Amino acid sequence: MYDNDRRPLPNTPSSARIIAASDDRFGAVLSSLSSFWSARAAAIGSGGNAARRDAYSVILFNHTVLTAIENDFTSTPDQLLDALLPYGPSGNTNFTTAITRAQDVMDRNWSTERSPVIIFLSDGECHIADQTMQDLCRRSVQLGKAVSFHSVSFGSDAASLYLRRMAEIAGDAQNNAPRDPLAPPAATVMSTYTQALDTVQPAETFLGIAESLRKPRGALMHRADFPERR
């Protein structure tokens with residue numbers, strides 16, 4: 001994530017702060033997150049609600065894992081961004097520890113009022129057993145809703161085998177999970193894999209998910225983001 005082939009979006013309210021901290025792939029992710037949070041806040045404002053129903057968690061990982069934000073209901077988009085600006089990725093990549101932590105955070109903060117969504121970003125190729133992802137998906141279904149999982153690769157498509165596979169496993173679990181009779185079919189946000197070919201694409205991916213989340217009754221956001229800088 002040290003590479004500067006993808007950089008923060010220019011000419012946004014948060015661009016200067018992000019560029020000063022991380023003018024690289026990591027900054028591109030921060031920029032995408034900031035846009036996502038702002039879009040969700042605008043959607044809530046247009047609906048006239050007093051408080052958002054989304055709960056945000058951010059998990060940072062390299063060869064170790066850190067929960068930087070957990071089950072946050074109250075912070076503004078600027079406050080959420082400020083909580084992440086001091087961090088920068090380093091070390092090696094371990095998908096297994098990141099997914100295991102995401103499952104732990106999901107377990108601790110589960111709510112029947114929200115649907116679990118994980119956005120998982122990496123520029124590293126790392127092995128992860130199918131069983132690890134299957135355990136996450138199975139646990140989510142046991143708790144009451146299938147997880148919507150979105151992997152985003154900052155590397156080449158050829159080096160993103162496991163990121164693609166993770167999304168496939170989550171998609172299969174969604175297709176086989178019992179349907180929520182109270183939720184319309186259009187409320188299901190299906191799992192996806194995306195390759196971030198340029199600076200704009202990560203932001204478009206996040207904003208596409210933000211638009212999809214206008215349909216469900218709420219979203220519990222677990223993000224396993226920001227792997228090694230190489």
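User: Where is Asn11 found?
Analyst: Asn11 is in the segment before helix H1 (15-21). Helices here are DSSP runs of H or I with at least four residues, strands are runs of E with at least two, and both are numbered from the N terminus. This is a predicted model, in which local features need pLDDT of at least 70, side-chain atom pairs count only at pLDDT 80 or more, and totals for chains, interfaces and linings use all residues. Residues are numbered from 1 along each chain as its sequence is written, and side-chain values use heavy atoms, with hydrogens and water left out.

User: What is the phi of Asn11?
Analyst: Asn11 is not a glycine, yet its phi is positive, about 60 degrees. Most residues other than glycine have a negative phi.

User: Is Asn11 buried or exposed?
Analyst: Asn11 counts as exposed because its relative accessibility is 79%. Buried means under 20% relative accessible area, exposed means over 50%, and partly exposed is in between, using a 1.4 Å probe and protein chains only.

User: And what about Asn71, where does that lie?
Analyst: Asn71 lies in strand E2 (residues 65-72). Asn71 also has a positive phi, about 50 degrees, without being a glycine. Its relative accessible area is 23%, so Asn71 is partly exposed.

User: Different topic. How many helices and strands are in the chain?
Analyst: There are 7 helices and 6 strands. Along the sequence the pattern reads α-α-β-β-α-α-β-α-β-α-β-α-β. Of the 230 residues in the chain, 52% are buried.

User: Now the rings. How many aromatic pairs?
Analyst: The count is 7 aromatic pairs. Rings of Phe, Tyr and Trp (its six-membered ring) pair if their centres lie within 6.5 Å; planes under 30 degrees apart are stacked, over 60 edge-to-face, and the rest tilted. One of the pairs is Phe36 with Phe206, edge-to-face at 6.1 Å centre to centre and 80 degrees between the planes.

User: Where do Phe36 and Phe206 sit?
Analyst: Phe36 is in helix H2 (residues 25-47) and Phe206 is in helix H7 (residues 200-212), 170 residues apart, so the pair links distant parts of the chain. Both Phe36 and Phe206 are buried. They form one aromatic cluster together with Trp37 and Tyr56.

User: Last one. Which residues of H5 meet H6?
Analyst: Asp130, Met133, Gln134 and Cys137 in H5 meet Arg165, Met166, Ile169, Ala170 and Ala173 in H6, where contact means heavy atoms within 4.5 Å.
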